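Me: Please take a close look at one part of this model and describe how it is put together. Then place it against what else can be said of the chain.

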Amino acid sequence: MAITFLDLMEVWGRPFSSRQFDMAQPLGEVSTDSRSVNQGSFFVPLVGARFDGHDFLSDAVKNGAKAAFISTDYKGMVPEGLCYWKVSNTLMAYQELARLHRVDLGLCVIAVTGSVGKTTTRELIRSALQSFGKISSSIENNNNDIGVPYTLFRANKSHSAVIVEMGMRGLGEIQRLSQCARPDIAVITNIGSAHLEFLGSRENIATAKCEIVTSLSQGGLVVIPSGDSLLEAALAKVWSGRIVRVAVDRSNFCITEVTTKDIALKVNNADFSGVVDQNISSLTLNGENFKLPLEGFHNAKNLMLAIAVANELKVPMNKLKELKVEIPSGRNTSLEFGAVNIMDESYNSSPEAMKASLEVLISKPGSHFAVIGTMKELGKESIKWHREIGETALKLGLDGMVIVSEGLEAQALAAGANGLMRLRVVNTAEEALNPLLAWVKSGDTILIKGSRAIKLERLLPLLKDAFNH
């Protein structure tokens, strides 16, 4: 890291130290985990409801930490010889330090948020930018107050761009993340129903997602799906700069660029237009064919968001024709256990994502079965949404469904799906195995999808053992 102790002095003043340091020396690697501290590292002791990183100051020093932030609330002993700055909030200082690092790097930062599809779109953008240069990106679920600065610290001057995923559970969170990352391009995948319990309305969700533009660079770009009036209204309140809109329907895809003053947009004025094939496996764009690297109509839209970002960064379109994407487990993952196909979507769920996955399921050959876990954080509309998902499963003609969980949401799912030939409600993921063994034959497909709290991934090894024999 090129940031020096002198840079820190400009923000936090002189450090506390019992010995002399060369203030012009680089800060070293920044770590919040005393176990990962290396010689010369800078340690940030974060404080949570159940932990206090200050308890591990001595361990950090033993492992090589030479400097640290220390909370003004900390009353314990500071290891002798440690150079440190007293700050009111170590997490906020961690984010400010990451911002300094981001400014020092001077590379392009792309921020991605949305109710669903954040991680998938992040990975599609990363793949689309491979010819742009070395790309650093969020990994796993590092999309919060700790994960975003961690992502920024992973980048260095050998990279050409950083892709930062931003999640939230309330108002103000993405604003903090935007201030930390200072993005050049902001992508909002959609406005859905996830976190309704905490935000109260989709209008508030739209407001929270649009906080991503709070610290968008001057001349920056926002990439959004076309036709979402909630998103348009929320964005117009905070952004008057450039926007690229991606329009998607069953027969046509296009990208359009206008300002927020041109909300009454006609898709016929698209800069790029294309046609998706009948099987939603490829699209034709400007007379050229692009393979869809992930299944489903919703992922065709996510691909177009990535293409819009790549186009902004002058990536040649011929570099995007056959993207290869690696998605973290539990998302858009296809498995084969013996002669049975598994759609592993066990990582998380929301009403919009559930409907999209069910549509992909029925496009598969053979019979179609789903193991559905209830969806969390939907607030007062939870029962309505669960019943609607059941009704969707019935309308699509699933051959069987196992609902995992108990309570009113499970009852609403079952009521909506009443009429399916095969329908069971069980309490745990493991209990879903027996009905599936009775129903599923070679060549059939099983969708597994639910909120994290349901832990549907526990069913996967059971299915693997059962169908691989």
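Reply: Six strands make up an open sheet of mixed pairing in this predicted model, in the order 15-16-20-17-18-19. Strands (E, at least two residues) and helices (H or I, at least four) are DSSP runs numbered from the N terminus, and two strands pair if DSSP finds at least two bridges between them. The model is predicted, so local features need pLDDT of at least 70, side-chain atom pairs count only at pLDDT 80 or more, and totals for chains, interfaces and linings use all residues. Residues are numbered from 1 along each chain as its sequence is written, and side-chain values use heavy atoms, with hydrogens and water left out.

The edges of this sheet are strand 15 (333–337) and strand 19 (423–426). Each of these two has a single partner strand, so one of its sides has no neighbour in the sheet. Direction ignored, neighbouring strands are turned against each other by 15 degrees on average.

Within the sheet, strand 17 (residues 368–373) and strand 18 (residues 400–404) run parallel and are joined by five bridges. Val 371 has Val 402 in strand 18 as its bridge partner.

Helix 15 (residues 460–467) lies across strand 15, strand 16 (340–345) and strand 20 (445–449). Its direction is at about 35 degrees to strand 15; axes are lines fitted to C-alpha atoms, for helices over the stretch in contact, and angles run from 0 to 180 degrees between N-to-C directions.

Two further helices pack on each other. Helix 11 (residues 351–362) and helix 12 (residues 382–396) have axes 10 Å apart, at an angle of about 10 degrees. Helix 11 is therefore roughly parallel to helix 12, the word covering angles under 35 degrees. On the helix 11 side, the residues that meet helix 12 are Pro 351, Glu 352, Met 354, Lys 355, Leu 358, Glu 359 and Ile 362. Their counterparts in helix 12 are Trp 385, Glu 388, Ile 389, Thr 392, Ala 393 and Leu 396, where contact means heavy atoms within 4.5 Å.

The chain also holds an open sheet of four strands, in the order 1-2-3-4, with parallel pairing. Strand 1 (30–31) and strand 4 (83–87) are at its edges, each with a single partner strand, so one side of each lacks a neighbour in the sheet. Two bridges pair strand 1 with strand 2 (residues 42–43) in the parallel sense, and Val 30 is placed opposite Phe 42 in strand 2. Across strand 2, strand 3 (67–71) and strand 4 lies helix 1 (residues 5–12), which runs at about 25 degrees to strand 4.

One residue gives a distance along the chain. Leu 91 belongs to helix 3. Its contacts, setting aside neighbours within four places in sequence, are Leu 46, Asp 145 and Ile 146. The C-alpha atoms of Leu 91 and Ala 356 are 37 Å apart, with the two residues separated by 265 residues along the chain.

Note on methods
Angles under 35 degrees count as roughly parallel, over 145 as roughly antiparallel, 65 to 115 as roughly perpendicular and the rest as oblique.
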